[in-house]
Amino acid sequence: MMNDIENPLTLYSLNNLVHEAVSVALPARYWVTGELSEVREAANGHCYIELVQRDEATGTLVAKARGTIWSRVYSLLRPYFLEQTGNHFAQGLKVLLQVSVNFHELYGYTLDVCDIEPAYTIGDMARKRQLVIKRLADEGVIGLNKELQFPLLPQRVAVISSYTAAGYGDFCDQLHNNAYGFVFYTKLFPAPMQGNGVEQGIIGALDCIARNSELWDVVVIIRGGGAVSELSCFDTYELANNCAQFPLPIVTGIGHRRDESVLDIVAHTSAKTPTAAAELLVHAMLAQAQWIATVQQDVVDAVRNRMAGEKQRLQSLVQRLPVATALFMQGMHHKLDLWQKYMDASSPERILSLGYSITRVNGRAVRSIVDVIPGDDITTTVVGGEFTSKIIDKNSK
């Protein structure tokens, strides 16, 4: 149908023609894939989305369309999608939608969403998650944090969570009110635990902790409650890479039981809940306390055994002391007898009795011919007495 300048169409008429053409050309429902670039839930229960397609190589947009999920449909699709995928209908997800094509004279080209296939989204999320895990493994960082030695006494705890998180309160209560009276020092480094800010929030908190890493023994990341549907924010490469290469052991307590996030995989230790993360630290302290108690008891037992052995040895010595003393005294008496005999044999009287004599001049013993001169009076001692003589002459030999 052609018209000329003399008979122009109104915009409404043109749009009406497009509407009729679209209705004729695309009368059925179609399954279409795309990425949710915008999701907006209205107060009236409708959900308005923007669906885009990106070039696989460059990531640039190659197609875009607005869509509507009417409230009667959205009230059914929303809980179904959440139940099947564990995720809310949210920006960034790849989806497979059944749509009908509509062109409205006032609102233009839109897609009316009739149905959704959750398996497609689950598959895409799993594919992205596996790509992140493979990249971390290929780069050799996936197990780095696990290689760090866990502190024997993890008392200084840097906690990454949100201010108002119920899980953070549960964690602190379990930690500080533990049944064993162990003392812990904690500090909160706040970060969002849901939504688009999770990645940068946690990385920022890690950077703050790293600047004073010597002040902390361990880092605990607590999700602090929230829906299981928001776990995908803990599967990003940048977040996992930062945690894997962090210089302190990281414990996660993200609070989910069904799935394991990439953050759980790279962390030193993963606990299912914030409370379980606190129990892990308490049990680490308890293990050391029990070890110290065991060592203490071993020392006490060793000292006690040594004392018992020494007491037994002392008793044995006491029992042997009289005999040993008698033998010692007998030996000493024998030695004294020998010395006495030696002294008797060496006495002057004994020597004189053998025919020897002692000659003195001026009271000094004469030991050599040079000790006397002619004219000296000498006194000679022999057995039975002494006599006096005078030196008349002397001959040297």
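## The cavity

What volume does the largest cavity have? It comes to about 30 Å³, and the model it sits in is a predicted one. A cavity here is a set of points on a 1 Å grid over the protein atoms alone where a 1.4 Å probe fits but cannot get out. Grid points are joined across faces, edges and corners, and the volume is the space filled by probe spheres set on the points. Searching the whole structure turns up one cavity of 30 Å³ or more.

So who lines the largest cavity? Ile 69, Tyr 74, Leu 77, Arg 78, Phe 81, Phe 89 and Ile 116 do, where lining means having an atom within 4 Å of a point. Six of the lining residues are nonpolar, none is polar and one is charged. For that sorting, Ala, Val, Leu, Ile, Met, Phe, Trp, Tyr, Cys and Pro count as nonpolar, Asp, Glu, Lys and Arg as charged, and the others, Gly among them, as polar. Helix 2 (residues 71-85) gives the largest share of this lining, with four residues. Helices (H or I, at least four residues) and strands (E, at least two) are DSSP runs, numbered from the N terminus.

## The barrel

Five strands make a closed barrel in the order 1-2-3-5-4, with mixed pairing; two strands pair if DSSP finds at least two bridges between them. From one strand to the next, the twist averages 55 degrees. Strand 1 (residues 29-41) pairs with strand 2 (residues 47-54) in the antiparallel sense, over six bridges. Val 39, for instance, has Ile 49 in strand 2 as its bridge partner.

Helix 3 (residues 118-138) packs on this sheet and touches strand 1, strand 4 and strand 5 (108-116), with contact meaning heavy atoms within 4.5 Å. The direction of helix 3 makes about 130 degrees with that of strand 4. Axes are lines fitted to C-alpha atoms, for helices over the stretch in contact, and angles run from 0 to 180 degrees between N-to-C directions.

The rule asks for a side-chain nitrogen of Lys or Arg within 4 Å of a carboxyl oxygen of Asp or Glu, and the count comes to eleven salt bridges.

Another five strands form an open sheet, ordered 7-6-8-9-10, with parallel pairing. Strand 7 (185-190) and strand 10 (269-271) are at the edges with a single partner strand each, so one side of each has no neighbour in the sheet. The twist here averages 20 degrees from one strand to the next.

Strand 9 (residues 250-253) pairs with strand 10 over three bridges, and Thr 252 has Ser 270 in strand 10 as its bridge partner.

## Reading the numbers

Residues are numbered from 1 along each chain as its sequence is written, and side-chain values use heavy atoms, leaving out hydrogens and water. Local features need pLDDT of at least 70 and side-chain atom pairs count only at pLDDT 80 or more, while totals for chains, interfaces and linings use all residues.

Methods. On a 1 Å grid over the protein atoms alone, a cavity is a set of points where a 1.4 Å probe fits but cannot get out, and a pocket is an open set with protein on both sides within 12 Å along at least five of seven lines; lining residues have an atom within 4 Å of a point.
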